[in-house]
Amino acid sequence: MHRSIATVSLSGTLRQKLEAVAAAGFDGIELFEADFINFKGTAAELRRITGDLGLSIDLYQPFRDFEGMPEPQFRRSLDRAERKFDLMEAMGAPLVLCCSNTSPLAVNDPALAAAQLHELAERAARRNLRVGFEALAWGRHTSLYGQAWNIVKQAGHAHLGLILDSFHTLSLKDDPAGIAGIPGDKIFFLQMADAPLLAMDVLQWARHHRSFPGQGDFDVVGFFEQVLRAGYTGPLSLEIFNDIFRETPNRRTAVDAMRSLLYLESEARERMATAKPSHPVQPLQPLRVELFNPPPAPALSGLSFIEFAADEASAATLATLVEQLGFRRIGKHRSKAVTLYRQGDINLIVNAQPDSFARQRFEAHGTSVCALGVRCDDPLAAVGRATAMRSQRHDSPVGPNELRVPAIVAPGGNLIHFVPEALGANGLYEADFVLDDHGAEAGDAGLQRIDHVALGLALDQLDTWVLFTRAVLGLEPGESLELADPFGLIRSRGVANAERSLRLVLNVSLSQRTRTARTLSVTGGGAVHHIALSCTDIFDTAARLRANGTRFVPISDNYYDDLATRIDLAPELLARMREAGVLFDRSPAGDYLHIYTESFEGGLFFEVAQRVGNYDAYGALNAPARMASQAQD
Ligand code: MG
Ligand code: MG
């Protein structure tokens with residue numbers, strides 16, 4: 001499809017926006033009028049700049065408060081339109097977006113609206129331009145696409161068509177199924193936007209909180225599917241009003257934007273290919289456009305390793321820390337200053353190799369996680385998927401007889417390695433490490449798997465990560481929660497695979513003063529903020545860890561008094577939790593018992609977790625207890 005984006009969706013000057021959009025591989029733009037008004041150049045100059053960048057100007061917008069007006073206003077609007085048409089001719093924009101009238105002067109008379117739009121289309125036709133009519137969700141008399149379509153149909157002019165915008169339909173919970181019945185060539189333009197589900201005024205929602213497809217909660221794929229079923233072949237465009245995008249570096253936004261369209265196309269393609277026969281679909285003409293068809297999302301089955309960037313000194317400190325956590329050193333890398341620690345199925349790698357990727361990360365961010373290893377059925381296909389979805393692959397130097405583990409760069413710069421599942425638990429490590437495990441399991445604390453990894457993200461990275469984990473890794477986001485830190489709010493969202501063997505938690509600080517935010521100021525964001533390891537008997541594991549010298553965040557007695565009033569617990573269990581400092585959460589599906597270690601170098605910490613039954617969350621309700629305790633250190 002011809003992929004386009006509205007200039008309002010990005011930060012920067014118009015010139016910077018165009019360069020970012022072109023670099024991300026878009027075919028065209030929707031020119032937002034304000035961007036042109038503030039541009040220091042003529043329409044002809046803009047035409048030359050966009051042409052040089054290989055971009056078309058697909059749409060000029062918006063043209064407001066036109067249809068259904070009393071005669072004097074209508075006449076003035078026609079004059080106004082002629083001036084816009086002059087500009088459009090000069091810049092080479094073939095289509096203007098006329099959005100439904102919001103003026104209190106507008107008359108509720110579809111026949112009048114149709115007649116006036118017919119006149120506008122007639123004026124446009126004289127210059128071989130076209131007019132698209134869009135129903136705004138807050139339009140005074142026209143707020144639904146069905147109403148707009150009736151007016152367009154009634155006007156009956158070849159140069160007048162419909163513009164669809166997923167936000168207006170989905171925010172009003174209008175049914176998009178009717179779109180499939182509209183002739184595809186009467187749909188002149190398609191704007192796609194997602195959004196989080198918010199209980200707020202639709203105008204505020206639309207102007208500040210839209211997001212790219214795949215970042216929000218709307219069924220944008222279902223909407224797009226109806227437009228394709230109509231036989232639409234025009235541009236696929238993004239029109240995103242978002243307060244955060246207005247501040248985010250536009251190159252990054254443009255990559256997210258392109259990734260969201262590729263994701264949308266591939267999801268729609270898959271959904272239409274697998275539509276069940278019982279599904280009440282219109283007899284479908286063969287698709288008239290080619291949709292993006294990337295390699296399928298990889299089947300991931302958990303985290304195989306976590307790699308830390310360190311120097312010689314911090315590698316020694318980390319060694320003490322992980323040994324206190326019950327890990328044993330089982331090998332040295334064949335060619336690099338890299339050490340492997342293991343407990344249960346958990347592999348921790350400490351990388352102190354000079355002149356390495358890890359050392360660059362260490363120099364930039366201090367001792368921190370620099371890579372995750374994800375178990376995967378087909379690592380090459382996983383990298384193929386990732387690069388198709390506009391992630392970068394990463395190739396590191398490989399020594400003789402070492403395995404090349406395909407890797408990609410995650411947002412923020414850390415690596416994600418795809419570890420072939422076929423190698424079994426030790427295959428990778430046997431190839432790359434000289435194993436010198438003496439079998440000493442004396443310190444083992446019963447930690448078995450990596451339950452989840454929590455990332456601290458800057459506010460403008462959350463949407464990026466939600467889309468990255470969805471489109472590149474095939475994970476699905478859970479609900480978004482707001483947690484109270486003593487110094488501000490934290491927004492937290494889990495993403496996981498269907499089997500729940502791979503879980504990431506995305507945490508964003510809405511305040512500059514929380515510990516999460518302070519971690520970010522050190523790391524620059526996208527940093528691992530804590531690592532949760534699972535066990536089957538948290539009391540036994542916590543006791544062994546304490547005996548090893550691990551220190552846990554103390555929990556207030558008041559927490560347990562309150563817990564007893566909230567949840568019906570056996571007194572013995574409550575007493576054990578109080579004594580051990582174990583936190584508790586219960587859902588209808590199961591229980592979650594967990595405890596947090598003190599932070600390492602003021603930042604990263606570990607969580608020990610025990611899931612009981614099918615508990616599917618992360619004990620978020622207890623995060624404030626942890627954050628308050630850390631603040632009182
Ligand atoms: Mg729109
Ligand atoms: Mg956690």
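Helices and strands are DSSP runs, numbered from the N terminus. On that numbering, D355 of this predicted model lies in the loop between β12 (346-351) and α12 (357-365). D355 has a positive phi of about 55°, although it is not a glycine. At 82% relative accessibility, D355 counts as exposed, because the threshold for that class is over 50%.

R500 sits in the loop between β20 (488-496) and β21 (503-509). With a relative accessible area of 34%, R500 is partly exposed. A further backbone feature occurs at P62. The peptide bond joining Q61 and P62 is cis, with omega about -10°. P62 belongs to strand β3 (residues 56-63). Most residues other than glycine have a negative phi, and most peptide bonds are trans.

Eight strands form an open sheet with mixed pairing. Their order is β19-β20-β21-β18-β22-β25-β24-β23. The edges are held by β19 (476-485) and β23 (583-587). Each edge strand has a single partner, so one side of each is left without a neighbour in the sheet. From one strand to the next, the twist averages 25°.

β23 and β24 (residues 590-596) run antiparallel and share five bridges. Within this pair, S587 stands opposite G590 of β24. β24 in turn pairs with β25 in the antiparallel sense, over seven bridges. Here G590 stands opposite G613 in β25. The pairing of β25 with β22 is parallel. Five bridges join β22 (residues 527-534) to β25 (residues 605-613). The bridge partner of I531 in β25 is F606.

The protein donors of the magnesium ion (ligand 2) are H452 (NE2), H530 (NE2) and E607 (OE). These donors lie 2.1 to 2.3 Å from the ion. Along the chain they follow the spacing H-x77-H-x76-E. H530 in strand β22 and E607 in strand β25 are 77 residues apart, and the pair links distant parts of the chain. Both H530 and E607 are buried.

E134 lies in strand β5 (residues 130-134), and E239 in the loop between β8 (236-238) and α10 (250-273). The pair therefore ties together parts that are 105 residues apart in sequence. E134 has 2% relative accessibility and counts as buried. E239, at 4%, is likewise buried. Both fall in that class because the cut-off is under 20% relative accessible area.

The surface carries a nonpolar patch formed by L459, L489 and L510. Together these residues have about 210 Å² of accessible area. L459 lies in the loop between β18 (449-457) and α15 (462-471). With a relative accessible area of 36%, L459 is partly exposed.

Note on methods. Residues numbered from 1 in each chain as written. Chains lettered and ligands numbered in written order. Predicted model: local features only at pLDDT ≥ 70, side-chain atom pairs only at ≥ 80, totals over all residues. Heavy atoms only, no water. Pairing = 2+ DSSP bridges. Helix = DSSP H or I, 4+ residues; strand = E, 2+ residues; numbered from the N terminus. Axes fitted to C-alpha atoms, helices over the stretch in contact; angles between N-to-C directions. Patch = residues over 30% accessible without salt bridge, like charges linked within 9 Å, V, L, I, M, F, W, Y side chains within 5 Å. Areas by Shrake-Rupley, 256 points an atom, 1.4 Å probe, with all protein chains shown as cover. Salt bridge = Lys/Arg side-chain N within 4 Å of Asp/Glu carboxyl O. Buried < 20%, exposed > 50% of the residue type's maximum accessible area, 1.4 Å probe, protein only. Donors = N, O, S within 2.8 Å, 3.2 Å for Na, K, Ca; no water.
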